Amino acid sequence: MTWQNIPLKRIVSSVQSGTSVNGAPWPAQGDELGVLKTSAVYGGVFRAEENKQVDSYDLDRVSCAVQVGSLVVSRMNTKQHLGVAAVVLQSHPNLYLPDRLWAVTLCGADPRFIGWWTKTQAYRNQVEAVCVGTSSSMQNISQGDFLDMRINLPDVETQHAIADYLDRETARIDTLIEEQQRLIEMLRERRRAVCLTVVTRGVDDGVELVESGEPTIGLMPAHWALRAVRHWLVSLDGFRVPLSSEERGTRQGEFDYYGASGVIDHVDNFLFDEPLVLVSEDGANLLARSTPISFSAKGRYWVNNHAHVLRPIAGDVDFWASRLEALDVSPFVSGSAQPKLTAGALMALRVSAPTDIDEQRRISAYLGEQTARIDRLIAETESFIEISQERRTALITAAVTGQIDVRKVA
């Protein structure tokens, strides 16, 4: 194989960008025109569904149709997504590019090979070396700097062979990763089901269940009590103090800094020095449940204004963190622009629980044993996925740099 180190401009025939137009918050359907979102190339895979329907009064402003075989590149984005590229493998006649994406047309090179090359660290290093911007949250790359990037390029026949090999081998790895991700989701569903059963029914065999009178609670052990949260826990929200990212940057230290989803930073001082229950007030998090909405905080720590701070009046912190996590709070999230679970709504929620602290502790201990087993399986599966992703990255690098002869392993 003969490889040449050349600038990209040698194999690029054109670089075009589209026009930013107004669009609906939903994708185009049928014959409707759509303009791509920058997220259409996230992950290095072209996703045609990541588009927005063009408003009727902007239909004559669209430009740069999506063409088969072109390399779509993010030319303006956050540093993480800047330069991310994906090859268009099929026709999308009604889709157009915005001004933040380039359509790169190649000559004398297999677009798939170039697409795989953009997923290597060598490419990322070149992107990061030339990116500029007045804000760290928005960077850009000039067309000249992009075209001056250098690539080690084999002959076209070898490019085809490498692209075919990577298409095939990465598909196998991706299928395996998807299977493991489905397993994780099943385990998490199992974990949620275990938690819900234990914290709403207890762990005592043969316990009598009665109607709670609350549709969201249903049956509950007969000896448990049904009370508003304010009768179980006291709000300490008045002691929360938010710190901006700039303030936290100058106050780095050993103490956990909690937000709506858990620990998000570490600072040099603390507000609380006792075990307490924190509940997210972030509506988006509460509705999506992408992270726990309730958790216990222990030791010395700081809490910002995005998590409610609750002290059990007489109870076990771990039990109450699990009990509140099991609640369906979605009907009580209010606000459209920035939905949230207000302190008033949270403290008015009615919750069933045992009044006996020892029973609360037994439930916490049992729940800890049951979830620990599931958590170990989740951690093992996540580790397997991480290793698979690392293998995928290494395989791509080895193939596009000629470290392996794909014709011998095909």
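Buried denotes a relative accessible area under 20%, exposed one over 50%, and partly exposed anything in between, as found with a 1.4 Å probe on protein chains only. The views below come from a predicted model, in which local features need pLDDT of at least 70, side-chain atom pairs count only at pLDDT 80 or more, and totals for chains, interfaces and linings use all residues. Residues are numbered from 1 along each chain as its sequence is written, and side-chain values use heavy atoms, with hydrogens and water left out.

**View 1. Cys64 and Ala65 in the loop between strand 4 and strand 5.** Strands (E, at least two residues) and helices (H or I, at least four) are DSSP runs numbered from the N terminus. Cys64 counts as buried at 14% relative accessibility, whereas Ala65 is partly exposed at 24%. Most residues other than glycine have a negative phi. Cys64, although not a glycine, has a positive phi of about 60 degrees. Ala65 touches Leu95 and Tyr96, residues up to four places away in sequence being left out; contact here means heavy atoms within 4.5 Å. The C-alpha atoms of Ala65 and Pro93 are 6.9 Å apart, while the two residues are 28 apart in sequence.

**View 2. An open sheet of three strands, in the order 4-3-8.** The pairing in this sheet is mixed, and two strands pair if DSSP finds at least two bridges between them. Strand 4 (51-53) and strand 8 (95-96) stand at the edges with a single partner strand each, so one side of each has no neighbour in the sheet. Strand 3 (residues 34-36) runs parallel to strand 8 and is joined to it by two bridges. Gly34 stands opposite Leu95 of strand 8.

**View 3. The largest nonpolar core, with 75 residues.** Such a core is a set of buried Ala, Val, Leu, Ile, Met, Phe, Trp, Tyr and Cys residues joined through side-chain atoms within 4.5 Å. Val104, Ile114, Phe146, Leu166, Val277, Trp320 and Leu324 touch the most other members. Helix 4 (residues 156-201) gives the most to this core, with twelve residues. Beyond its neighbours within four places in sequence, Leu166 is in contact with Trp116, Ala171, Leu395, Ile396, Ala399 and Val400.

**View 4. Thr120 in the loop between helix 1 (111-117) and helix 2 (121-130).** Thr120 counts as buried, at 3% relative accessibility. A polar atom of the Thr120 side chain lies 2.7 Å from the backbone oxygen of Trp117. Not counting residues up to four places away in sequence, Thr120 touches Ile396, Thr397 and Val400.

**View 5. The aromatic pair of Phe255 and Phe270.** Rings of Phe, Tyr and Trp (its six-membered ring) pair if their centres lie within 6.5 Å; planes under 30 degrees apart count as stacked, over 60 as edge-to-face and the rest as tilted. By this rule the count comes to eight aromatic pairs. The pair of Phe255 and Phe270 is tilted, at 5.2 Å centre to centre and 55 degrees between the planes. Phe255 lies in strand 17 (residues 252-259) and Phe270 in the loop between strand 18 (262-267) and strand 19 (276-280), so the pair ties together parts that are 15 residues apart in sequence. Phe255 counts as buried at 13% relative accessibility, and Phe270 as partly exposed at 27%.

How values were computed. Polar contact = N/O pair within 3.5 Å; in protein donor to acceptor, adjacent residues only side chain to side chain.
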